[in-house]
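The structure comes first, then the notes.

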Amino acid sequence: MLAQLESKFHDLYLEYFHKAEAHRRWNVLNDVPWEQITTTPNPEIASVIQTFMAVEMFLPDYTSKIMHLVRSSRGRAWFQANWGYEESKHSLVLEMWITKSGARSVEQVHAFQDDVLSREWDLPYETPLEMILYTTLQEFATSVNYRGLRRVAQASGDGALHKALTLLARDETGHFEFFKNGAKLFMDRDRDHVLEALNKVIHTFKMPAQTLIPDFGPHGKLLQELGIFDDRIYIRDVVRPVLKALGVEPEEMREARQRLRAAA
């Protein structure tokens, strides 16, 4: 049974890889119209970009710790290596925008990076099942964040930022699809157990920025004020669409919550 599951994960990875190679790969230097960048960036947009850039800086933690958790699974481990490559481009393109636009100097970015990287990201959950459910939600939420920022930034007329955020959101959607389809493989084996774990993850979920970014309070407030992300958006624009994509009915979630309470 486990060998069959791993074989399906490997098939998922191959499908993901070939689709990305054929339709989604992009180049940081050539596919973003850097000549269209604004030289008078909105301070609020720059602050959000810096927050998102900071989250991407923990890439070594994300890749190494998740890789260690799933290293015996060729499909999941190889996907994680591919995911790390794509996320590294996200970090690069955000850093390039923030320095090319003049929003921050190179020295300011380096000082901020040093401050951020004095912290370390740890796995929020212990099991591969819980982590794949978490990453399903997290990748979808990240795509919501990038699309929300793109909407807010549209008035600036910054073609470089618009294209960069479009590319990032598209990548995050691709990542979500892999994790979502992987979660479905677990559901095919033991649906009730997965729904109980999903309940736990939904109700304890936190984006990495909430625990990693120095003095996150003002940054979180700005995300709320700009309508990019808050608890309401999390439920409406992340949890509900993810449950629908997983084929989970509200009644199933209520029953899973009841089972968890009865077992507590």
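## Core

Beyond its neighbours within four places in sequence, V93 is in contact (heavy atoms within 4.5 Å) with W26, V28, V32, W34, A164 and L168. This is a predicted model, in which local features need pLDDT of at least 70 and side-chain atom pairs count only at pLDDT 80 or more, while totals for chains, interfaces and linings use all residues. Residues are numbered from 1 along each chain as its sequence is written, and side-chain values use heavy atoms, with hydrogens and water left out.

V93, W97, L133 and V238 have the most contacts inside the largest nonpolar core, which has 89 residues. Such a core is a set of buried (under 20% relative accessible area, 1.4 Å probe, protein chains only) Ala, Val, Leu, Ile, Met, Phe, Trp, Tyr and Cys residues joined through side-chain atoms within 4.5 Å.

## Helix α4

Helices are DSSP runs (H or I, at least four residues) numbered from the N terminus. After α4 comes G102, with a positive phi near 85°.

## Largest pocket

The lining of the largest pocket has 38 residues, and N145, M207, P208, A209 and Q210 lie nearest its centre. Helix α6 (residues 128-153) gives the largest share of this lining, eight residues.

A pocket is an open set of points on a 1 Å grid over the protein atoms alone, with protein on both sides within 12 Å along at least five of seven lines; lining residues have an atom within 4 Å of a point.

Conventions. Buried means under 20% relative accessible area, exposed over 50%, partly exposed in between (1.4 Å probe, protein chains only). Helices (H or I, at least four residues) and strands (E, at least two) are DSSP runs, numbered from the N terminus. On a 1 Å grid over the protein atoms alone, a cavity is a set of points where a 1.4 Å probe fits but cannot get out, and a pocket is an open set with protein on both sides within 12 Å along at least five of seven lines; lining residues have an atom within 4 Å of a point.
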